[in-house]
Amino acid sequence: MTRIVAVHGVLPSYRYPQEQITGMVAASCRLPREDLAVLERLHSASTVTGRHLVLPLERYTAIGGFGVRNDAFLAAALELGREAVQGALDQAGLAARDIDLVVSTSVTGIAAPSLEARLAGELGLRPDVKRVPVFGLGCVAGAAGLARLHDYLVGHPDEAALLLSVELCSLTLQRSDTSMQNLVASALFGDGAAAAVAVGSRYGRAPDEDPASEGPHIVATRSHLFPGTEEMLGWTIGDTGFHIMLGADLPDLVRGQLGGVVTEFLADHDLKTTDLASWICHPGGPKVLDAVREALDLPARALEATWRSLAEVGNLSSASVLHILRDTLAGERPLPGTPGLLLAMGPGFCVELVLLRW
C-alpha cells in the first residue's frame, strides 16, 4: 500500500479577522446599503473567524485586471510552494532528488511553465522527474492528487511522489460582481498551500525508523462524477479573471447523492461508515458540511477537524483537505490498523474518496 510519509501546510503572513475582510469586500464591491446587510449576514453565517491573505488587505480595493492578479499569483505561489515542498521533504527525511513524480495543482492562477517546473531547479528536483500539473479540479484536487499519487505508486512501488497544492483564492475576488455567488465566495475562501510526500509499498525504510511515524497508508481510491452537474461549481472566465459558479442546489445534491457513493465504496472493502475511525473532509462551507453529515449519518464530532479548519483559515480550495490531514497527523491519531476516509468535492460536480489505514 502507498504510505503518506509527510504533509506540510503553509499560510501567507497576512491574517485578518473576518470582520475586517467583510469591510474590505464591501468597499471593493461598492455595495449599496441593502446588499451590505446581505454581505454581513453571509460573512457571519460562514463560521469563518479569520483568514490568511497573500496581499495586505488594502491592496484588494484597487487591484488591477487579470494580468496584474496573475502576476501576483505567480510571485506568491512560488514562495509558498517552495516553503510547502521543502517542509514536506524535510519532514519525510528525503531530498528533492529522491522524488520520481510531482503532481501540482491550483485553480486560482495560471502558470506555464507550471509551478513545479519553475521550482524544480531551485529545489533540486532531478531533470528526469515526471511532472503532472493539474488545473480545473478545484477543491477536489487535494484528495484527487493523493489518489493519483497512489495510482502511480501502485505501479512503481520502489518510488516516491510529491503533491503540491497552492491556492490563492483572494486574488479571484471580483470587485464589480455583486451576485450572491461572489458574495458567498468572499465569505469563505482564503489563501494557502500544502505539500504531501508518499512512497510505494517497497520504498526503503531506515532500520531505526519508528513505525509509529510512518503515517497512514492509502488502501484504495474512488472518483465519482455526477452527470448533468457541470454548471453547479466552477469558474467562468472574463476579462477580469475568474468568476465563480456556485449553484444554490449544491447542498441538496450532496445530501441526496453522496451517501450512496460512499456506502458503495466502503462496502467494496467490507466496511460501513460506523467502522471508520477518522473523517478528513474538505470544508466546502457550513451548508455543505451539514449536508455531508446528514448524507453519511455522522455524529457531530466526526467532522470536528474540518469545522475547526474552516473557522480558523476558511476554505483553501484544494489545499484545505491536506491541512486537515496534517492536523490529524499532528494530533491524537486514530489507533493503528483502523480505517479512515479522506474526501473532497469539486467542479464537475464530482467527489474523490481516499480510503486510509492508520
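1. Ala143 touches Val321, Leu342, Leu343, Ala344, Glu352 and Val354, leaving aside residues up to four places away in sequence; contact here means heavy atoms within 4.5 Å. Ala143 sits in helix α5 (residues 141-155). Helices (H or I, at least four residues) and strands (E, at least two) are DSSP runs, numbered from the N terminus. With a relative accessible area of 0%, Ala143 is buried; that word stands for under 20% relative accessible area, exposed for over 50%, and partly exposed for what lies in between (1.4 Å probe, protein chains only). Val351 is 208 residues from Ala143 along the chain, yet their C-alpha atoms are separated by 8.9 Å.

2. A word on the basis of these notes. This is a predicted model, in which local features need pLDDT of at least 70 and side-chain atom pairs count only at pLDDT 80 or more, while totals for chains, interfaces and linings use all residues. Residues are numbered from 1 along each chain as its sequence is written, and side-chain values use heavy atoms, with hydrogens and water left out.

3. Next, the cysteines. How many disulfides does the structure hold? There are 0 disulfides, a disulfide being a pair of cysteine sulfur atoms within 2.5 Å. Cys139 is in no disulfide, and the nearest cysteine sulfur, that of Cys169, is 7.0 Å away.

4. What does the side chain of Ser170 make a polar contact with? Its partner is the side chain of Asp191, at 2.6 Å. A polar contact is a pair of N or O atoms within 3.5 Å; within protein, one must be able to donate a hydrogen and the other to accept it, and residues adjacent in sequence count only if both atoms are side-chain atoms. Beyond residues up to four places away in sequence, Ser170 touches Leu53, Val54, Tyr60 and Asp191.

5. Arg333 lies in the loop between α10 (320-330) and β12 (339-346). It is partly exposed, with a relative accessible area of 32%. The side chain of Arg333 reaches the backbone oxygen of Leu329 at 3.1 Å. Its C-alpha atom is separated by 29 Å from that of Leu137, 196 residues apart along the chain.

6. On to the helix pair α7 (residues 250-267) and α8 (residues 286-296). They pack at an angle of about 35 degrees, with their axes 8 Å apart; axes are lines fitted to C-alpha atoms, for helices over the stretch in contact, and angles run from 0 to 180 degrees between N-to-C directions. The crossing of α7 and α8 is right-handed, meaning that the near helix is turned clockwise from the far one by less than a right angle. On the α7 side, Leu250, Pro251, Val254, Arg255, Leu258, Gly259 and Val262 meet Lys287, Val288, Ala291, Val292, Glu294, Ala295 and Leu296 of α8.

7. Some backbone details are worth checking by eye. Most residues other than glycine have a negative phi, and most peptide bonds are trans. A cis peptide bond joins Ala112 and Pro113, with omega about 10 degrees, and Pro113 lies in the loop between β4 (101-105) and α4 (115-123). Gly348 and Phe349 are also joined by a cis bond, with omega near -15 degrees; Phe349 is in the loop between β12 and β13 (350-357).

8. Positive phi values come next. Thr47, not a glycine, has a positive phi of about 70 degrees; this residue is in the loop between α2 (33-45) and β3 (50-53) and is partly exposed at 33% relative accessible area. Asp270, likewise not a glycine, has a positive phi of about 55 degrees. Asp270 is found in the loop between α7 and β11 (278-281) and counts as exposed at 72% relative accessibility.
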